Structures are given as C-alpha cells and as structure tokens.
Amino acid sequence: MNDTPIHLRAGGTSLVVAIDGGRLPRILHWGPDLGELGDAALADLHRAALPAIGDSAVTYPQPVPVLPQLTEGWLGRPGLVGDSDGRRWAPFFREATHEVGDTLDGPVLRSSARDPDYGLAIDIEIQVLGSSGLVRQRAGIRNDAAQPYRVGSLELALPVPSDATEILDLTGRWALERVPQRRPFRVGEWVRASRGGKPGLEHTLLLVAGESGFGFRHGTVWATHLAWSGNQVLAAELTPAGTRHLAAGELLLPGEVVLGQGEEFRSRWQYGSWGVGLDELAARFHRHLRSRPHHPRAPRPVVLNTWEAVYFRHDLDTLLELAERGAELGAERFVLDDGWFLGRRDDTSSLGDWTVDPAVWPKGLQPLADRVRELGMDFGLWFEPEMVNLDSDLARRHPEWIFDAGHGPGLPSRHQHVLDLGHPGAYAYLFERMSELVGSLGIAYIKWDHNRYLLDAGHVPDGRPGVRTQVQQAYRLMAQLKAAHPGLEIESCASGGGRVDLGVLELTDRVWPSDCNDPHERLEIQRWTGLLVPPELQGTHIGAEESHTTHRTHPLDYRAEKALWGHLGIETNLLTADDGTRAALARWVAFHKEHRALLHTGEVVHADLADAAYRLEGVVSGDRSEALYAFSVVERPATWPPGRIRFPGLDDARHYTVEAVHPGSAPAAGAVLPPWQRAGVTLSGRALRLVGVEAPSLDVDRSVLLRVTAS
C-alpha cells in the first residue's frame, strides 16, 4: 500500500487517516461525509492539514496519532505507558504496515508496527460502522522480549477540530445520576476516571466536545465512550500547539497486566460519535445498538417489580395477590426483588446464600412462578451475584473468596463486601446456584444488581489486584448463563445507573438508569442516559405517589408519563391502590402497549427551548409518519405564559395533525387551554418546526402528551 491517506466512509461519516512515513495512523478528519475522494484529493487534504514547522518538530506534533508517542515529540497524554523494571519505558513504534478491508460491520483499517529495540509490537484496528456511522478503535500490545513488560495504560485518541471549544460531561450520585456539566475546552487536560471496579454513579458515560453553546439540535459535537464495565479513564486534552483530542482507556491497577514473552494485551473498544447536535450524536449509538443481531426485537414486556410494594416483606399470599393485580392492569413480567433467599430479612445479611428460604417459602418459589405464568406473565428474579455479606453461610465457609488487599475485607457498604470471581470455586458456585434456579423455576429474566464499589479488590492469598479479572468473570458468567438458558434476559443494575456502558450491554437486555423513580428527577436522568442508551433498553417504572428516594409527591399522570418513554414497569403498591388508581394505571399501560413499537424503534428528539423551565422531547417514527412528544414544566419560569413550542424531527413537506392526549385523566373542567388544544390543529412539518404551537399552561412537574400524525 502507498502512503496515500485512507478514507473510510459509512453511515454518513468520513474518517480520513494518514499512514505515511511508516508511522502509526493519524486521523486527519472525523465527521461529516466528504463524498468520494480520489488519491490526488486525499494527498492534497493531507498536505492541507500539515502545520508550518520551524526549527522544532517537538512543538508541532500534529496531526495527533491515534497512539501518541513521546518519541515522536508528543508531550501530552501518552498512548502507551509501560516498563520492564524501569527500562523499555519510551517505546518508538515504526515501520508500520496498513491494510484496509470490508466487513459486515463496515470498512476497517488494520495497522501493525514494531519497536525492534524494545521487542514490542502493536496493532491498531479502526472501523467505521455502516449501520450508524460510529467510529470505533482498539489496540493490542505484544511483548516479544524475554523480560516481562508491565502495562500501565493503553489509551487511544480521537482528534477533534478547533471548532470544539466546549466540553460536556456528566456526573451524579445515588438516585441522581447523569447530571450534566459544561466547561470551556482550555489548554490542559480534563480527566474523568472511574476507580471503583465499575463505571459508577458519577460516571460521565460520554465525554463530549463541541461548538460553543451546542444543544440537542444545533452545534457540531464529537464524543467518546469506552465499552468497558470496570476502571477506566476518559480525557479531553488541548495542547499548547492547539491540537485537541478525546482519549479513552482502561485504568489499570499495579500489576494487573504484566506480559510475558509472546503475551498480548488488547484494549477495549473506544467508540466515537459525532453529530449536528446531541440528538444526532445519540442517534448513532441507538442505531448501532438496534442493528445488533441479539438486540431485543419482541415487544418489551411491561414489568411489575415487587421492591417498592413489599421490600423484604415476602409471603406467598401477598405476592400472589400482587401478581393478580398486576395481570389485571396488563403487566407481562413479574419480578421478585430482594428478600427471597436464605435468612434475608433486611440488607445486613445473607448475600451469597442463593437458596430459597424455607422459613418464608415453605413450598419454594415454584407456586409463585407457576401462578405468574398462569396469569400470562413471565417470571423474573433478583440476584446480586458479585456481592457477599460477612453474615452469611457462604462467607463463613469461604472467607478466602472475599476480596482482601492486605487489610481484611475493608469497609462495608450497605453491609456488604465483594465476592472474588477470580476464584474458580466462587465462580463455579455462582453459576451452579443461579443456573439451577433459572432452570427449575423457568426464570425468564434476572435483575442483576451490583451495589458495592471494589475498593480493596485484592485476590486472596497474594493480594494482587483483581478488578480487571472480576469484570471479565462477570461478563463470562452472564454469557454462560445465557448460553445455558436461551432466551434468558438480564438487566444491569448497580445501585441504579452505576454500570451503564456498551460493554455490559453486549450481555444484558436493559439497564436500570436510577433507583430514583421520582418523575422530576427521572426526566433528566433518562434524558441524559439517552445519549448512549435507546428507550427500549432503559427501565422506566411508575413509582409510588410519594417517592421512596426523594419523598416528593406527584400525581399518577406525571409519574406514568415519565415512565412511558422506556421499558415500562410498575413499582407502586397495587395492594393499597384504590380502584380509580388501578383503572388509570391500566389505561396508561394500554396506551404504552399501543405506542411501544414507535417508542422503541423511533428517533429520540429534544427541542432546544430558550427557557430552562420547560422541556419538549419525543420520539419520531423512522418514516416520519407519526410522533409522540411530551411538554413539561420543571420549574417556575420568570415569564408567563410559556409561549410557543416548536417540534423537531418531522418532515418539512408533510402535513401533521397535533392533538393533546390524556391516557390517564382528562384536563379538569374549566382548565385554561390554548385554543388549538381543544380540537387539534393541522400544519406542515415546516410550520411546526419554525412556528410551532402555543404551549399549554401548566404547573410545575406537570406535562401534556402530544400526538402528531401525518395527514
């Protein structure tokens, strides 16, 4: 292959990569499709991207390599950190070879290079995915020398242009995940690290760089994500020379990766998405997930979860009645949450003892599971496989299976510690117990929880870090259970939204965005989780009138409307709900079922409204023939009434009828409504996008559903 740059095109994305001079790949352009480019045009594009260099190439290292190297004059974040007892610490990979291929997933560039002085080899794979236009890349480092090589980090870079002057990332805490924060993209590094053995409640999910003031529908944006459920780092860096890039990689603990001769370490996939506005950026991730062969395609069953109804108070008669009430409302899946196993009366004991408690369930769980299926629902069960209470039979029998970095099992969190899946016996025990229960009870769904951080994850007896192995073994356990029980679905829950990433989503069928069911918070949590995860993979439940986590109270219609937009569930106590509440719930469930094909396949859109007191978001069908939107008031605005709202995502050339719909309760008699809302209105998509309609006047934490259908 000659030194002409490589042009990878797919899904509306162009990636132009320089491969000259025996160097590792350097990305010249990542973003909008450039169209067909011949060799001469690609060569000119390369020349056009090179800086003027005076007497020091060190000062001008651009274009940024995918794997930046100190030995090429790069003074920013290094691509590879490693050594052999203080030697072989500044590798210089050269004499690179490159090969372009086509795969079912999209075009790919594979590059290989060596450092003959150090006895190290590297290969890099860069791909543009045809289904979505996402870019993904990974690297493998191999040690060919006799001396062991300790890998400290392996990070790849995705350059962004100088237009990207603002950074968006996310933070959060328990019951308040995915809180956005913005900052200028200034010289230096902005680094977000996860060190607790899972991405975490504070995890940024994506690291986004974009044009100043970008929103959901405007401003070009670029983002990176690491498909990994363990320790990791995402970084945005602007060098004094003006180069900007987004980097991602595993965050390795000391000694986690030491390569003997001939051994290799391969990084996790780093994903990159771009778009004009966050909606387009997110749509690429959604299209990618929906294109997978194993993506859920059957209607997502409406869930009845027992947690906020009964907590640990389990008995057969109560749960049978709850199941019957749920079936009457249209629930299609019944999930028995925490509290069913040996000695589990609260959260202080018994994790690890995965045996049905005969004191609570003298006939086992079979009568409940059988009745659930008679009622037309499938049966799901809660596990927290990776955790253990010290007050458990398992911990007393096998204390060596509990992580210990040399100071005992460490600080408890929710009275629990971590079971080391790197012990073959611990792994085998979990698989045997879980598989037996799934098979004997006909379990269709596992709610898989993960509450404690891995603060002290030392493998017994040597105390070496076991975090990376733990994540790999959790992946393996999920995959093995699914292989043994075809059709089994798994939800990733980790104190709520603490394990949400493309790594775990290869093995699970939905994520639990938050333990908070308060609709005021859920609107934002689901909105920002949606940058990566489409609605059908987000669990969204109708909680109690008074929120379990915030103690706010909200009417049923607002709680139900906010739960409508994902994989719907019910978590309110149907045993104490009155007839009117249950009837309204049934209407919301029926409305969701009527529209879930749209909700779970359409394009998610958000209007960029001038006043932060309002939200307008929705889902538009792929053929632009129908859409659902919700207009919400989330705080008291300084001016009133709200003014007009404009609808994103429709076809300018078609005409649409807009009408307010009320699945639960109709507006109160005498409510002040804009004139169009009484009988609907028909306008072109262009008029709805540019002019819009007068917004309904609502109190705080109230919403109106708007159905839009093509004429």
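Gln137, Leu154, Glu155, Leu156, Leu226, Ala248, Gly249, Glu250, Ser267, Arg268 and Gln270 line the second largest cavity of this predicted model, where a cavity is a set of points on a 1 Å grid over the protein atoms alone at which a 1.4 Å probe fits but cannot get out, and lining residues have an atom within 4 Å of a point. Its volume is about 50 Å³, a volume being the space filled by probe spheres set on grid points joined across faces, edges and corners. Strand β17 (residues 244-250) gives the largest share of this lining, three residues; strands are DSSP runs of E with at least two residues, and helices runs of H or I with at least four, numbered from the N terminus. By class, the lining has four nonpolar, four polar and three charged residues, with Ala, Val, Leu, Ile, Met, Phe, Trp, Tyr, Cys and Pro counted as nonpolar, Asp, Glu, Lys and Arg as charged, and the others, Gly among them, as polar.

The count comes to seven cavities of 30 Å³ or more, and the largest cavity has a volume of about 280 Å³. Of the 21 residues that line the largest cavity, Gln526, Arg527, Trp565, Val604 and His606 are the closest to its centre. Two or more lining residues come from each of α2 (278-291), α9 (519-529), β33 (603-606) and β34 (614-620), and α2 gives the most, with four residues. The lining of the largest cavity has nine nonpolar, eight polar and four charged residues.

Residues are numbered from 1 along each chain as its sequence is written, and side-chain values use heavy atoms, with hydrogens and water left out. Local features need pLDDT of at least 70 and side-chain atom pairs count only at pLDDT 80 or more, whereas totals for chains, interfaces and linings use all residues.

Key. 1 Å grid on protein atoms, 1.4 Å probe; cavity = no way out; pocket = protein on both sides within 12 Å on 5 of 7 lines; lining within 4 Å.
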